Amino acid sequence: MSHRPARPAPRSRLITWLAAVGAITALALGLPGASAAADDTSPHSGPTVLTPEALIRGTLQPDAPPPGANDWKCKPTAAHPRPVVLLHATLTNAQNWIMLSPWLKKAGYCVFAPNYGGDPGSPFKATRHIPDSAREIARYVDRVLDATGARQVDLVGHSQGGGLMPRWYLRFEGGTNPANPAKNKVRRLIGLAPSNHGAGVTGLGNLTTALGLNSTVSLVVGRAYEDQMPGSRVHTTLDRDGDTQPGVDYTTIVTRYDEVVTPYTNQFLTAGPGATVRNILIQEICPQDISEHISIAFDSNALQLVLNALDPAHARPVHCSPSAPLLGG
């Protein structure tokens, strides 16, 4: 049974909003800075405070991988036999993963974080037509499998990267083999605030949809905007045969305070034949967690849930660290 947590105090909510805006501003401005804070993080270590320097690589180094990612000589171990491919959100880049990537690397995973759906040199990626981005990821996953010798990968994504785009890849671009799920290229899909069933953007997306303005908005922010709106052609095509593919384990990690993929229940999936789904509302585990759409990718509670979903046999308790502020001195 779901239990609605007490609504956080406005001041605490504002702190988290400012932290989230700070993260996006850092990615947008891309001021030079070291990633030492991200490099020093470690899994299971409790709350991590990210300094501004760790968040502001996005423009000057928009094509660089986050710390710990893209070691093409990495070979998976028996403990972690599947490489993890991290898929960033719309209008961001691989620096989306400056916190999770080094966590996973230190935990012993081979970690890969592509930039997709955008031009080289641009900090604002994942803006192209979602089927085009899915084909791009299909080629990237094949490259990871060839380099590592692994049979499958696990996907972890944020927003578009955890929802609509990888689901399109799984269904239409060779990520799965419904006739023989043992030959799937993907074992798990873990989505942080995933855009699975329409991003209402706290009413804005619903309004642009009702007014027929999604194509116009997409001329400014990219085709991925229109694709992720409720009722889009991409949504109707993808959802026609259900949410899942046989042989894939799905996890959604969702916050009640999401302002982008709204209502937040649009992020949940329903398991079809041969698939498993775990829908996690983070406030049911950590009632005081006030992470939102952006900040969930930097929230130690949510990232512990990612680690647990990747390796359920060795899952660790979530200690419900404070989710804000993200930015420290």
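Guide: A residue is buried under 20% relative accessible area, exposed over 50% and partly exposed in between (1.4 Å probe, protein chains only). This is a predicted model: local features need pLDDT of at least 70, side-chain atom pairs count only at pLDDT 80 or more, and totals for chains, interfaces and linings use all residues. Residues are numbered from 1 along each chain as its sequence is written, and side-chain values use heavy atoms, with hydrogens and water left out.

Visitor: How many disulfides does the structure hold?

Guide: A disulfide is a pair of cysteine sulfur atoms within 2.5 Å. Counting bonded cysteines along the chain, the pattern is 1-2, 3-4. The number of disulfides is two.

Visitor: What is the relative accessible area of C110?

Guide: C110 is joined to C74 by a disulfide, S to S 2.0 Å. C74 sits in the loop between α3 (52-55) and β1 (84-87), and C110 in the loop between α4 (100-106) and β2, so the link spans 36 residues; helices (H or I, at least four residues) and strands (E, at least two) are DSSP runs, numbered from the N terminus. C74 is buried at 12%. C110 is also buried, and its value is 3%.

Visitor: Which handedness does the disulfide of C74 and C110 have?

Guide: The answer comes from a torsion. About the S-S bond of C74 and C110 that torsion is about -85°, so the disulfide is left-handed.

Visitor: What torsion does the S-S bond of C286 and C320 have?

Guide: This link is left-handed. Its torsion is -85°.

Visitor: How many salt bridges are counted?

Guide: The rule asks for a side-chain nitrogen of Lys or Arg within 4 Å of a carboxyl oxygen of Asp or Glu. By that rule the count is 13.

Visitor: What is the relative accessible area of D142?

Guide: D142 forms a salt bridge with K185, 2.8 Å from N to O. K185 is in the loop between α6 (164-172) and β4 (186-192) and D142 is in helix α5 (residues 130-148), so the bridge ties parts 43 residues apart in sequence. K185 is partly exposed at 26%. D142 is partly exposed too, at 29%.

Visitor: Are D243 and R167 buried or exposed?

Guide: Their side chains meet in a salt bridge, 3.8 Å from N to O. D243 lies in the loop between α10 (233-239) and β5 (249-254) and R167 in helix α6, so parts 76 residues apart in sequence are tied together. Both D243 and R167 are buried.

Visitor: What is the relative accessible area of D249?

Guide: D249 meets R187 in a salt bridge, 3.2 Å from N to O. R187 is in strand β4 and D249 in strand β5, 62 residues apart. R187 is partly exposed at 24%. D249 is buried, at 17%.

Visitor: How many residues of β5 are buried?

Guide: In a regular strand the side chains alternate between the two faces of the sheet. In β5, D249, T251 and I253 are on one side, Y250, T252 and V254 on the other, and all are buried. Of six residues in β5, the buried number is six.

Visitor: Which residue is the bridge partner of V254 in β6?

Guide: Strands pair if DSSP finds at least two bridges between them. β5 pairs with β4 in the parallel sense over five bridges, where L192 stands opposite I253. β5 also runs parallel to strand β6 (residues 276-281), over six bridges. There, the partner of V254 is L281.

Visitor: What is the relative accessible area of F124?

Guide: F124 belongs to a nonpolar surface patch of about 500 Å² that also includes L91, L219, V220 and V221. Patch residues have over 30% relative accessible area and no salt bridge; like charges are joined within 9 Å, nonpolar side chains (Val, Leu, Ile, Met, Phe, Trp, Tyr) within 5 Å; accessible areas come from the Shrake-Rupley method with a 1.4 Å probe, and for residues only the protein chains shown count as cover. F124 lies in the loop between β2 (111-112) and α5. F124 is partly exposed, at 39%.
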